[in-house]
Structures are given as C-alpha cells and as structure tokens.
Amino acid sequence: MAAASGDKYSVLLPTYNERENLPLVVWLLARTFRESGYDFEIIIIDDGSPDGTQEIAEQLEKIYGSDKILLRPRARKLGLGTAYIHGMKHASGNFIVIMDADLSHHPKFIPEFIRKQKEGDFDIVSGTRYKGNGGVYGWDLKRKLISRGANFITQVLLRPGASDLTGSFRLYRKEVLQKLMEKCVSKGYVFQMEMIVRARQLGYTIGEVPISFVDRVYGESKLGGNEIVSFLKGLLTLFATT
Amino acid sequence: LVRVGLVFLLRLLSPQAAMTKLTQWLCGLALLGSAWAALTLAPPGLRLPAPFRQALLPLPVYLLVAFGCYSLATVGYRLATFNDCEEAAAELQEHIRAARADLSRRGLRF
C-alpha cells in the first residue's frame, strides 16, 4: 500500500505500569505502520510508573530511533486528559491515534481507521465494539450486560450518532482533538463520551470501524459499583449540559 | 393549554444547538403532556367520542410500559448478539510470541 502524501500519524500512548505490554504494543505498531507505508511516530507518556515502564521505553527508543519513539514522561499519575494534552504538544503528525497500551486494542485496526478516514474525509474515526464484526473477548455475561445496558441508556439520553461512546481507540485530526480537549471536562469513561458528544455539537464528522477488544485484565479488575455510579453521574451531567 | 403547547413546539423546532438534551426532553414531554391534558380535560362541548377518550386516559402509562418492553428486548437482543472475539485473542497470543522473539533478537532486555 502506498503512503499518502504528507500525512503523519502520531500515536499517543499514556502508560502506567505497562512494562510487560509496552514493548509488544510498540512492536505491533511499528510493524503495522511499516507494512502499510504510512508515516508515524509513537509518543509514550509515562506517569512515573514504579515498575520500570520508562526504562523499557528508553530501550525501545534505542531500538526504533528517537524520531519514531518519543518519550515524554511525567512525574506522577496525572490522568488521561492531561496526558493527551501533554502528548499533543510534542506531536508532529497531522493525525492523532489514541489507544490503550495494554494490548486490548490491536494496532492492526489503524490502517482500517486511516482508510475509513480518507473514504469519508472524517474528522474522527471511532473504533466500535458494538457494530459489524466488532466485539469483545474475555467478558462474562454480567459484564456484557452492563456494557450493553449502559450503552442503551446513553443512546436514549444523548442520541450521539455513534455506537460506541466509551471506547478509547480512535483517530482524530490533530486540530479537532486540540479543540475538543479545550472543551471537555469529565474524567474516566465519561471523558471519552464527552469527546464524541462535543464533536457532534461542533459539527465534526465521525466515522466508525468495528474493532475487537481483547480484555486480558478483566479477571483482576472487575467493574465495581463505584465506577457504575460515577458513570451514571457523568452521563446525567452530559445530559443536562450538552 | 394549546398556547403552552405551541410555545414548547416552537422551542423544540428551533436550532438544536442551543438546547441541552434535558431541555429537549422537557419540552417534548411538556408538549405531549399539554396535548394529552387538553384532550382529556376538554369541556363537554369539545370532547372526542367516548371510545377515543377511554383509550386516551391510560395512554401515558401504556407508552411507558411499551418503552420498557422495547428497552428490555433491545438490550436482550444486543446482549445475545455481542460478538466473542475468539480468533482475535488467539491471534494476539501468536503476535505476542513473535514480538518477544524479535525484540530479544534486537537486544531488548525484558
């Protein structure tokens, strides 16, 4: 596949305790981009992980080159939103890819995002687990029920025009992401939802690509009552303010 | 009541960007509510025929129950058709193996 003229894709990887997964994600990203021919860079924003994530990131920088791997760490765990803002300051691409660094998102979908973006000249392309052959691995019935139930309520209340609002595997035009980051105030799941809702308000176009989400940590970190409550609170806030 | 309904209708149809979802819902409910109230509380001279009035009175409850059934059915259907990505998980394991092998070769100390 020939590379498009002039497009560069900056992948933002906020990490916290991802020493195991980081090299694997970077390897997959590098391979995917090399095979597809698109220009890329990977920006690793580590929030002072105690497990040595930064050290392994430095090894990766030596292997792949400091033009492809940019290390922009922070001293403490400061949250996802600020990690994106921090990462974007150093991004030289005109497109930004955000994704999880724990291998739940597979880089193989990025060329599909890019294709979709070019097909419809979209401002945002969002990976969806709920449409087409998108899906999840590693969730039990209860978790799936919570997911579908929450999504249903969100669709009824917000009518967002996108099927997967809490997903965090997306491609944005850089200036679109910058604009949205200025406007978004929520945290956690609701933050990802707010981005899509604000994008619609501002008239940005959103395309969707089915993705598979491989959850390997679900067994250790169950979805707690606290998270559900804060999700509902965030949803009602969005309902009342957008 | 008709006038109230019309005001809400106008607000509903005006630029969507100005209204929050909450406001849209409140206006929509107020519109339907005032229409329903106008028809059920109409003075004897303006009333609809008896069968219509009998159906009209419990209509809000019927609609609520219908929506509840629709919600259950939709969520149930979506739950049942939620794709399980078995091959994706297997493929990931293979990729992990290949990645670790290649990275060791390139000098990464895990």
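Which side chains meet in a salt bridge at 2.6 Å, N to O? In this predicted model, the partners are Lys108 of chain A and Glu91 of chain B.

Chain B is a helical protein chain throughout its assigned elements: five helices and zero strands make up its secondary structure. Read from the N terminus, the order is α-α-α-α-α. Of its 110 residues, 25% count as buried. Contacts within chain B can also be sorted by how far apart the partners sit in sequence; among those between residues at least 6 apart, 17% join residues at least 24 apart.

Two stretches of chain B carry a label from a database record. An unreviewed UniProt entry annotates residues 22–43 and residues 55–73 as "transmembrane region". In the model, residues 22–43 of chain B are 86% helix and 0% strand, and the C-alpha atoms at the two ends of this span are 33 Å apart.

The interface brings the two chains together. Here 37 residues of chain B are in contact with 44 residues of chain A. Between them the chains bury about 3,600 Å², and 66% of that area is on carbon and sulfur atoms. Three salt bridges are found across the interface of chain B and chain A, and the opening pair, Lys108(A) and Glu91(B), meets in a salt bridge.

On the side of chain B that touches chain A, the elements giving two or more residues are helix H2 (21–40), helix H4 (59–80) and helix H5 (86–105). Which of the elements gives the most to this side? The answer is H5(B), with 13 residues. Sorted by class, the side of chain B that touches chain A holds 18 nonpolar residues, together with ten polar and nine charged ones.

Definitions and conventions
Residues numbered from 1 in each chain as written. Chains lettered and ligands numbered in written order. Predicted model: local features only at pLDDT ≥ 70, side-chain atom pairs only at ≥ 80, totals over all residues. Heavy atoms only, no water. Contact = heavy atoms within 4.5 Å. Buried area = accessible area lost by both parts, 1.4 Å probe. Salt bridge = Lys/Arg side-chain N within 4 Å of Asp/Glu carboxyl O. Helix = DSSP H or I, 4+ residues; strand = E, 2+ residues; numbered from the N terminus. Nonpolar A, V, L, I, M, F, W, Y, C, P; charged D, E, K, R; others polar. UniProt positions renumbered as here; feature names shortened; annotations may be inferred. Buried < 20%, exposed > 50% of the residue type's maximum accessible area, 1.4 Å probe, protein only.
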